[in-house]
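Open the model in your viewer and keep the selection panel at hand.

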Amino acid sequence: MQGVDLNLLIALDALLTERSVTGAARRLGLSPSATSRALARLRLATGDPLLVQAGRSLAPTPYAEELGARVHALTRDARAVLRPPASRLDLASLHRTFTLRAGEGFVEFLAAPLMAAVAADAPHVRLRFAPKPDKDARPLREGLIDLEIGVLGTSAPEVRTQLLFRDRYVGVARIGHPLLDAGGVTPERYAACRHVVASREGDVAETVDDALARLGLTRSVPLVVPGYPDAMRIARRSDLVALVPRSCLGNPLAADHAALLGLEGFELPVRTPDFNVSAIWHPRLDADPGHRWLRDTIMAVCKAAYP
């Protein structure tokens with residue numbers, strides 16, 4: 001828009017409303033001489049006198065009369081575009097679908113309480129969980145998903161993160177598994193078991209393998225499945241031992257989710273590092289009131305589940 005000064009629209013709106021250079025100057029916070037110069041530029045730009053002397057006031061030309069409503073609407077819309085959005089969010093009338101990307105474990109164990117919390121505040125909001133084949137940041141950048149939940153695994157420097165909870169790995173086996181008898185879970189007995197590994201990419205090696213390797217031990221992994229819920233279901237029906245995040249066993253202060261599934265959780269006999277589970281989003285949604293409310297709701301649900 002080379003050569004177009006949009007400030008002239010503001011001046012024209014004031015002049016057409018006040019029909020007085022002095023009145024328009026007062027409205028604009030300018031001097032009368034500066035407002036007169038703006039009127040001269042408007043006349044040059046439009047090729048029309050716009051306002052002509054009529055006694056002690058100014059009268060609009062037919063073209064100016066025609067422009068009046070359009071100019072007022074344009075200036076109102078321009079101000080609305082450049083004004084910060086209203087911070088108040090009416091959740092009761094919010095109609096919106098949020099697309100989230102999370103692992104199978106989060107969907108299985110936290111999607112239901114999250115949906116209950118969302119529905120209590122915003123009954124017209126829909127949550128859509130998308131598949132999570134990897135940790136690529138491109139869907140966040142392109143707006144294909146609104147929020148990712150998991151371990152930060154992207155090098156995208158611009159993404160925002162918020163810690164939801166700290167997690168660690170534990171073992172699970174069926175109730176009555178020989179590993180859980182009076183002999184205790186030692187590194188040697190643990191490594192001697194057959195294991196099921198959860199891996200989207202099909203990898204077998206995990207942090208527990210590094211710890212076992214330092215003791216000269218190696219696991220036998222005859223089965224790899226896509227997600228932790230799959231590994232837990234298989235462990236319940238076999239002698240295979242699974243490695244899952246502690247969060248998959250439910251709230252540590254409430255009923256043991258593992259026992260309800262016919263499983264028993266146990267601490268690993270070797271040390272593995274804890275890890276952060278975070279909410280991850282693109283900065284273009286940082287100030288969005290609806291998105292901010294969703295992040296706060298997810299944080300509250302995670303704190304209730306994993307205090």
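Select Gly-47 first. This glycine sits just after helix 3 and takes a positive phi of about 70°. Keep in mind throughout that the model is predicted.

**Helix 3**

Now step back and select residues 32–46, the 15 residues of helix 3. How far apart are the end C-alpha atoms of helix 3? They are 21 Å apart. At 1.5 Å a residue, helix 3 should span 21 Å, so the two values agree.

Next, colour the buried residues of helix 3: Ala-34, Thr-35, Ala-38, Leu-39 and Leu-42. They cover an arc of only 145° around the axis, which puts them on the same side of helix 3. The spacing follows a general rule: an α-helix has 3.6 residues a turn, so residues three or four places apart point the same way.

What covers the buried residues of helix 3? Show helix 1 (7–18), helix 2 (21–28) and strand 1 (51–54), which are included in the cover.

**The cysteines**

Select Cys-193. Is Cys-193 buried or exposed? It is buried, with a relative accessible area of 12%.

The structure holds zero. Cys-193 is in none, and the nearest cysteine sulfur, that of Cys-248, is 20 Å away.

Jump to Cys-248. It too counts as buried, at 3% relative accessibility.

**The whole chain**

Zoom out and switch to a cartoon. The chain has eleven helices and twelve strands. Its radius of gyration is 32 Å, well over the 19 Å that the globule rule gives for 307 residues, so the chain is more spread out than a compact globule.

Colour by burial. Buried residues make up 42% of the 307 residues.

Finish with the surface. The accessible surface of the chain comes to about 16600 Å², and 54% of it belongs to carbon and sulfur atoms.

Definitions and conventions: Residues are numbered from 1 along each chain as its sequence is written. This is a predicted model: local features need pLDDT of at least 70, side-chain atom pairs count only at pLDDT 80 or more; totals for chains, interfaces and linings use all residues. Side-chain values use heavy atoms; hydrogens and water are left out. Helices (H or I, at least four residues) and strands (E, at least two) are DSSP runs, numbered from the N terminus. The expected span of a helix is 1.5 Å times one less than its number of residues. Buried means under 20% relative accessible area, exposed over 50%, partly exposed in between (1.4 Å probe, protein chains only). The arc is that of the directions from the helix axis to the C-beta atoms. Contact means heavy atoms within 4.5 Å. A disulfide is a pair of cysteine sulfur atoms within 2.5 Å. The radius of gyration is taken over C-alpha atoms; the globule rule is 2.2 Å times the number of residues to the power 0.38. Accessible areas come from the Shrake-Rupley method with a 1.4 Å probe; for residues, only the protein chains shown count as cover.
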